[in-house]
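I opened my notebook to look up a few things in a protein model. Here is what I had on screen.

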Amino acid sequence: GLGGGGGGGEPVRLNCRDETLELMSDPLLWEDISFAEPLPPPGVWRPSPPLRFDISAARIDANEKVYYDELRREGAKEEEARAVAGGAAHGLSGVALWPRLVLDPKGDIVVESRGPRGEGQKSHWQTVLALLAPRPVPVAAGSVLQLEATVKLGAAVDVPPVYELQARVA
């Protein structure tokens with residue numbers, strides 16, 4: 001499997017409209033926190049059951065076009081742009097994480113930091129990219145990313161939580 005963090009450093013933070021971050025699968029809910037409810041006790045907590053991300057042919061094709069168009073706009077020759085765009089569109093770097101804030105019990109007031117399908121949009125919230133390996137992992141349409149997450153919660157409010165992601169591509 002793939003480890004979490006790509007070497008133990010800080011995760012990459014990207015502007016919510018950055019087009020170098022393109023999703024390969026539909027987004028899934030990973031962590032649901034209600035500040036009106038008691039928090040889990042200190043120790044290891046699993047925010048969700050293991051998640052299954054199905055790598056989409058349509059998303060890979062669309063991503064390849066975005067990368068190709070950007071490379072051509074920046075002056076890359078057609079052959080080079082095709083090769084680099086194809087490699088980038090088939091390379092899994094990590095898992096993108098972003099907040100969706102529901103501010104009222106009915107769910108009428110919602111802050112979306114990305115669109116409903118994960119598309120970039122104007123927001124003050126950054127997207128965090130948790131790198132899963134030191135280099136992108138080659139994937140193809142139909143590949144599946146299985147993601148298991150744990151959170152180590154401290155006993156005091158000034159002890160930050162520690163997130164650990166374990167991923168496997170099949």
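Predicted model: local features only at pLDDT ≥ 70, side-chain atom pairs only at ≥ 80, totals over all residues.

My entries below cover a sheet, a pocket and some salt bridges.

I looked up an open sheet of three strands and found the order S1-S8-S5, with antiparallel pairing. Strands S1 (12–14) and S5 (94–97) are its edges, each pairing on one side only. From one strand to the next, the twist averages 25 degrees. I then followed S5 and S8 (residues 127–131), which pair over four bridges. Ala96 has Leu129 in S8 as its bridge partner.

Next I checked the second largest pocket, which holds about 230 Å³ of space. It has 15 lining residues, and those closest to its centre are Glu22, Leu23, Arg59, Asn63 and Glu119. I noted the lining as four nonpolar, three polar and eight charged residues.

How many salt bridges does the whole structure have? My search found eight. In one of them, Arg59 meets Asp26 at 2.9 Å, N to O. Arg59 sits in helix H1 (residues 57–73) and Asp26 in the loop between S1 and S2, so this pair ties together parts 33 residues apart in sequence. Is Arg59 buried or exposed? Arg59 is buried, because its relative accessible area is 12% and buried means under 20%. Asp26 is partly exposed, at 40%.

I also looked up Arg100 and Glu112, whose closest N and O atoms are 2.9 Å apart in a salt bridge. Arg100 is in strand S6 and Glu112 in strand S7, so parts twelve residues apart in sequence are tied together. Last, I noted that salt bridges with shared partners join Asp26, Arg59 and Arg117 into one network.

Methods: Residues numbered from 1 in each chain as written. Heavy atoms only, no water. Pairing = 2+ DSSP bridges. Helix = DSSP H or I, 4+ residues; strand = E, 2+ residues; numbered from the N terminus. Axes fitted to C-alpha atoms, helices over the stretch in contact; angles between N-to-C directions. 1 Å grid on protein atoms, 1.4 Å probe; cavity = no way out; pocket = protein on both sides within 12 Å on 5 of 7 lines; lining within 4 Å. Points joined across faces, edges and corners; volume = space filled by probe spheres on them. Nonpolar A, V, L, I, M, F, W, Y, C, P; charged D, E, K, R; others polar. Salt bridge = Lys/Arg side-chain N within 4 Å of Asp/Glu carboxyl O. Buried < 20%, exposed > 50% of the residue type's maximum accessible area, 1.4 Å probe, protein only.
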